[in-house]
Structures are given as structure tokens and as C-alpha cells.
Amino acid sequence: MTRLNLVLLVAVVLSALALVHSHYESRRMFMALESARKETKRLELEQDRLQIERRAQATPLRVEQIARQQLQMRDATPAITQYVTAASAAHKGVAP
């Protein structure tokens with residue numbers, strides 16, 4: 001009878017240890033999941049902020065200001081426009 005009690009005691013202790021371990025693993029995995037969710041939320045907010053910033057940088061008015069200030073570009077006027085015709089292109093050896 002004592003042998004049976006000893007076997008049952010060992011089985012109960014092993015079962016308790018397995019329960020504690022599975023509870024620990026469950027909690028650890030839950031914390032990892034919550035951490036991943038928090039990181040996902042942070043990255044989504046960062047992506048939204050960057051998209052807004054990109055749209056602000058690409059406004060036509062800003063592009064025109066940069067073209068004028070940094071690249072010294074100006075509007076095309078008939079006085080500075082050069083037209084290329086098919087005859088002059090063929091004369092220079094350029095295929096149409």
C-alpha cells in the first residue's frame with residue numbers, strides 16, 4: 001500500500017509541476033503577444049505619421065518653391081522655348 005501511495009504522490013507532484021510550467025508558459029506567451037500588439041500599434045502610428053509627412057512634402061506649392069529656390073528653375077515662356085521639328089531632327093541624324 002505504501003508503494004501505491006508513493007507512486008500516487010510522485011504522480012501528483014509531477015502533475016502539479018506540469019501545471020505550474022504550463023501556466024508560466026501561458027503567461028509568458030501572453031506577455032509576448034501583448035508586446036507584439038503594442039509594437040504593431042506603434043508601427044501603425046509611425047506609418048500614419050510618415051504618410052502625412054510625405055503628403056505634406058509633396059504638395060504642388062512646396063515642389064514649386066523648391067524648384068524655384070534650390071534648382072533655380074523658372075516658368076517656360078515662348079522666349080526661352082525651343083521647338084524641334086521632324087525636319088530639323090532628321091537633318092541632325094536623329095530618328096523621329
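Visitor: What does M73 count as, given its relative accessibility?

Guide: M73 counts as partly exposed, because its relative accessibility is 49%; the cut-off for exposed is over 50%, and buried means under 20%. Please keep in mind that this is a predicted model.

Visitor: Where is the place of M73?

Guide: M73 sits in the loop between helix 2, residues 60-69, and helix 3, residues 86-91.

Visitor: And which residues is M73 in contact with, leaving aside its neighbours within four places in sequence?

Guide: With those neighbours set aside, M73 is in contact with A67 and R68.

Visitor: How far apart are M73 and R55 in space?

Guide: Their C-alpha atoms are 22 Å apart, and the two residues are separated by 18 positions in sequence.

Visitor: Back to R68. Which residue does R68 form a salt bridge with?

Guide: The partner of R68 is D75, and the closest N and O atoms of this salt bridge are 3.2 Å apart. R68 itself counts as partly exposed because its relative accessibility is 38%.

Visitor: How many salt bridges does a search of the whole structure find?

Guide: The search finds 7 salt bridges. One of them joins the side chains of E39 and R42, at 2.7 Å from N to O.

Visitor: Why are E39 and R42 separated by about one helical turn?

Guide: Both belong to helix 1, which covers residues 2-57, and they are 3 residues apart there, so about one helical turn lies between them. E39 has 35% relative accessibility and therefore counts as partly exposed. R42, at 45%, also counts as partly exposed.

Visitor: What about E46: which residue does it form a salt bridge with?

Guide: E46 forms a salt bridge with R49, and their closest N and O atoms are 2.8 Å apart. These two residues lie in helix 1 as well, 3 residues apart, which is about one turn of the helix. E46 is partly exposed at 29% relative accessibility, and R49 is partly exposed at 42%. Moreover, salt bridges that share partners join E46, R49 and E53 into one network.

Visitor: Changing topic: which residues make a nonpolar surface patch?

Guide: L6, L9, V10, V13, L14 and L17 make a nonpolar surface patch of about 560 Å². Among them, V10 is found in helix 1. With a relative accessible area of 44%, V10 is partly exposed.

Visitor: Now the loop again. What is phi of Q72 near?

Guide: Phi of Q72 is near 50 degrees, a positive value in a residue other than glycine. Most residues other than glycine have a negative phi. Q72 lies in the loop between helix 2 and helix 3, and Q72 counts as exposed because its relative accessibility is 60%.

Visitor: One last topic. What is the mean pLDDT of the protein?

Guide: The mean pLDDT is 89, and 91% of the residues reach 70 or more.

Visitor: Which elements have the lowest and the highest mean pLDDT?

Guide: Helix 3 has the lowest mean pLDDT among the elements, 67, while helix 1 has the highest, 96. Where pLDDT is low, the predicted coordinates should not be read in detail.

Definitions and conventions. Residues are numbered from 1 along each chain as its sequence is written. This is a predicted model: local features need pLDDT of at least 70, side-chain atom pairs count only at pLDDT 80 or more; totals for chains, interfaces and linings use all residues. Side-chain values use heavy atoms; hydrogens and water are left out. Helices (H or I, at least four residues) and strands (E, at least two) are DSSP runs, numbered from the N terminus. Buried means under 20% relative accessible area, exposed over 50%, partly exposed in between (1.4 Å probe, protein chains only). Contact means heavy atoms within 4.5 Å. A salt bridge is a side-chain nitrogen of Lys or Arg within 4 Å of a carboxyl oxygen of Asp or Glu. Patches are made of residues with over 30% relative accessible area and no salt bridge: like charges are joined within 9 Å, nonpolar side chains (Val, Leu, Ile, Met, Phe, Trp, Tyr) within 5 Å. Accessible areas come from the Shrake-Rupley method with a 1.4 Å probe; for residues, only the protein chains shown count as cover. pLDDT is the predictor's confidence in each residue, from 0 to 100.
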